[in-house]
Amino acid sequence: MKPLPEPCSEHQKKSSDSAARGEMPSVEAKAAPGNTELSAESPAQLNGFTVPPSVTGAASQTQSHSPSHAPPLNIQPPREQWGGKYEFLLSCLGYCVGLGNVWRFPYLCYRNGGGVFLIPYFIMLFFTGMPLFLMELSLGQYGAAGPITVWKCCPLLKGIGIGMLCVSTLVCLYYNVIIAWTFYYLGNSFQSPLPWSCDASANAKFCNTTNTTISLSPSEEFWNDRVLGVRSSKGLHDPGPVRWELALCLLAAWVIIFLCMLKGIRSSGKVVYVTATFPYFVLIVLIIRGATLEGSLQGVAFYLTPVWERLANAQVWNDAASQIFYSLGIGVGGLLSMASYNKFDNNVIRDTLVITIGNCTTSFFAGFAIFSILGHMAWRKGVPVEKVADTGPGLAFVAYPEALALLPGSVFWAILFFLMLFMLGVDTLFGNMEGITTAVLDEFPQLRANVKQKTLFLGLLCFGFYLMGLLLVTDGGIYWFTLIDSFSTSFGLIIITLFMCLGISFFYGVNQFCQDIVDMICHCPPWCTKVLLYFKACWVFCTPFLLLFILTYIFIEMYRTSLHYGLYVFPLWGKALGVCMGTICCLQIPIWAIVAVSKESGTLKDRFQKAIRPLNSWRVNNLNSSTQEQRVEPERIDGPFTVNLTEVDFTAMAWESSEA
């Protein structure tokens, strides 16, 4: 493989030395585009390179006799930036540390061999999670654009950005319903006794140990009857009426999201100081409280007891990979969009290591908070821990609330827990919504400049999601929730990330991509260069191979197993509808690839080669100056590279001009 180029500081040094000697800077010594401050008399750009003033001056003298008009100026609206590096770190950490860390990872850990599950989990983190995370951050930061516009680096792959937008839309559709459930539980937590506890008079029949005909617990009854109303629905085909309590909670959730995102990252960047740090405070408090309870060690032992034979099971490795994707939010466009508001010289490698390791560490420690209290509930009931353990909504809204109801001061602990769930959900939804809004604002930049139009767009977007989400708060809404949750981030997401990895590695060029990262990290420490070699090997070999393994396993499981919620088995047409959701997301890749090829001219081979070349505007970093002034640039033709000029061409032009 071609060795990595020198750090950015060396390039700049060579560039300044050659300029002092009056020489033309070479291609390798060009400055990073994000570090160049443009003015009204900025040097001309050709093929992504800076043309010397002597060349442009000579060219203008030869054309001075012919009448010409100055090109119109293109005034670009200012693009926002994070107020500081901690806003970006907290936003990404809050986006990654979501509900899956609390209600999915602990369950997967005990189901797949306890502490043994950490082995495949961290292997998948280092060989798929981290490389793809760094790829998204680097792509967004270098291009300073959202999931769609950023594919100017390879127009053939624009469909990847459209596919990310489709996945993000499906996730936003059902994810805010979880926040609505959390609101409902939070409102009911301000009463004593808690309505899902045995102390409530209405639950006496469920807590009577002599009554063997009723097997439901009070928390199960509250969840299924009062929250979901699922007993009034016969299945997917019978959604029933909208539950007005949940509809109001869903409306409140979308109003909060709208207000927090009203001013873009300037508002959401400040909100994350609370929403991203508060869950850590609650987890620490729950771990300390759980450690003081009887039976807590039984729950922790159940969580971590290793079963080494499970390593030979392919499902364990697939669960580890799916949890990495689910937790890190890869391939949805949120990471790419948030990174696009970074400063050009931000150290993306450092951010990748901090965020991914911090996210996975949070998942591990959340298991102690969950299973210590579940162990206490198992001790109180005199049953094994596996009888009270659950995953997903069953853990967050049935098992854990029931465990909290057994604690002294249960009202306080319930309020604290559901506030934590609310913060976790809001942060993740911020990232997903940011992916959608950034993509649209980059495609229609006039919305970014007009505050009223931008506010109207964001309001209509949130209201549209609210109307579509009403289906999920009907009596049978949990069935539609399960369907979208199961297929929105399934095979379609894996295919999108696989093509992103292959496209950057082999079409755009892995060497060029590594050079772009080095250009951004101007003062690149030696360890960054060595780590980049590791990521380069992952992008080319390890990550695509593991993604193919995951994709194969998903298709096998999809064929062999049926989708169900509780005792209800989804019909074949429902499962087919879920497959169509995933197919629509990944079909965007070939559709937009055909569009890109059809726009070019020449033979099919020529069209393909032109479609994978970066556009001229890809090399221009659309960041604002620190004073947030508007930038004025000459009009650029957004077309592929068609001419490859060298230093000899430029010096020859200058020589001919001097002879004239």
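User: Which residues of α9 are buried?

Analyst: Happy to start there; bear in mind that this is a predicted model. The buried residues of α9 are Pro218, Ser219, Glu221, Phe222, Trp223, Asn224, Val227 and Leu228. That is eight of its eleven residues, and α9 is mostly covered. These buried residues pack against α7, α8, α10 (244-260), α17, α21 (477-488) and β4 (564-565). Just after the helix, Gly229 has a positive phi of about 65 degrees.

User: Why does Trp223 count as buried?

Analyst: The cut-off for buried is under 20% relative accessible area. Trp223 has 4% relative accessibility, so Trp223 counts as buried.

User: What makes Trp223 and Phe397 a stacked aromatic pair?

Analyst: Two numbers settle this, since a pair of aromatic rings is described by the distance of the centres and the angle of the planes. Ring centres must lie within 6.5 Å to pair, and planes under 30 degrees apart count as stacked. A search of the whole structure finds 53 aromatic pairs. For Trp223 and Phe397, the values are 5.1 Å centre to centre and 0 degrees between the planes, and the pair is therefore stacked. This pair links distant parts of the chain, with Trp223 in helix α9 (residues 218-228) and Phe397 in helix α17 (residues 393-405), 174 residues apart. Phe397 is at 1% relative accessibility, so it counts as buried too.

User: Why is the pair of Phe278 and Phe281 called tilted instead?

Analyst: Their centres are 6.1 Å apart, with 40 degrees between the planes.

User: Is Phe281 buried, exposed or partly exposed, and what decides it?

Analyst: Phe281 has a relative accessible area of 46%. Buried requires under 20% and exposed requires over 50%, so a value in between makes a residue partly exposed. Phe281 is therefore partly exposed.

User: How do you know that Arg104 lies over the face of Tyr326?

Analyst: The distance test asks for CZ of Arg within 6 Å of the ring centre, and there is also a limit of 35 degrees from the ring normal. Arg104 is at 5.1 Å from the ring centre of Tyr326 and lies over its face.

User: Which residues touch the most other members of the largest nonpolar core?

Analyst: That core has 205 residues, and Trp181, Leu374, Phe397, Met433 and Trp539 touch the most other members. Its largest share, 20 residues, comes from α7. Leaving aside neighbours within four places in sequence, Trp181 is in contact with residues including Trp223, Val227, Leu228 and Phe397.

User: Why does the span of helix α18 agree with its number of residues?

Analyst: At 1.5 Å a residue, the 34 residues of helix α18 (residues 410-443) should span 50 Å. Its end C-alpha atoms are 50 Å apart, so the two values agree. α18 is also mostly covered, with 30 of its 34 residues buried.

User: What makes Ile496 buried, and what does it touch?

Analyst: Ile496, in helix α22 (residues 491-520), has a relative accessible area of 0%. The cut-off is under 20%, so Ile496 is buried. Setting aside residues up to four places away in sequence, it touches Ile160, Gly163, Met164, Val167, Gly331, Cys585 and Ile589. The C-alpha atoms of Ile496 and Val167 are separated by 9.6 Å, although the two residues are 329 residues apart along the chain.

User: How many of the residues in the protein chain count as buried?

Analyst: Of its 660 residues, 55% count as buried. The chain has 26 helices and six strands.

Definitions and conventions: Residues are numbered from 1 along each chain as its sequence is written. This is a predicted model: local features need pLDDT of at least 70, side-chain atom pairs count only at pLDDT 80 or more; totals for chains, interfaces and linings use all residues. Side-chain values use heavy atoms; hydrogens and water are left out. Rings of Phe, Tyr and Trp (its six-membered ring) pair if their centres lie within 6.5 Å; planes under 30 degrees apart count as stacked, over 60 as edge-to-face and the rest as tilted. Helices (H or I, at least four residues) and strands (E, at least two) are DSSP runs, numbered from the N terminus. Buried means under 20% relative accessible area, exposed over 50%, partly exposed in between (1.4 Å probe, protein chains only). The expected span of a helix is 1.5 Å times one less than its number of residues. A nonpolar core is a set of buried Ala, Val, Leu, Ile, Met, Phe, Trp, Tyr and Cys residues joined through side-chain atoms within 4.5 Å. Contact means heavy atoms within 4.5 Å.
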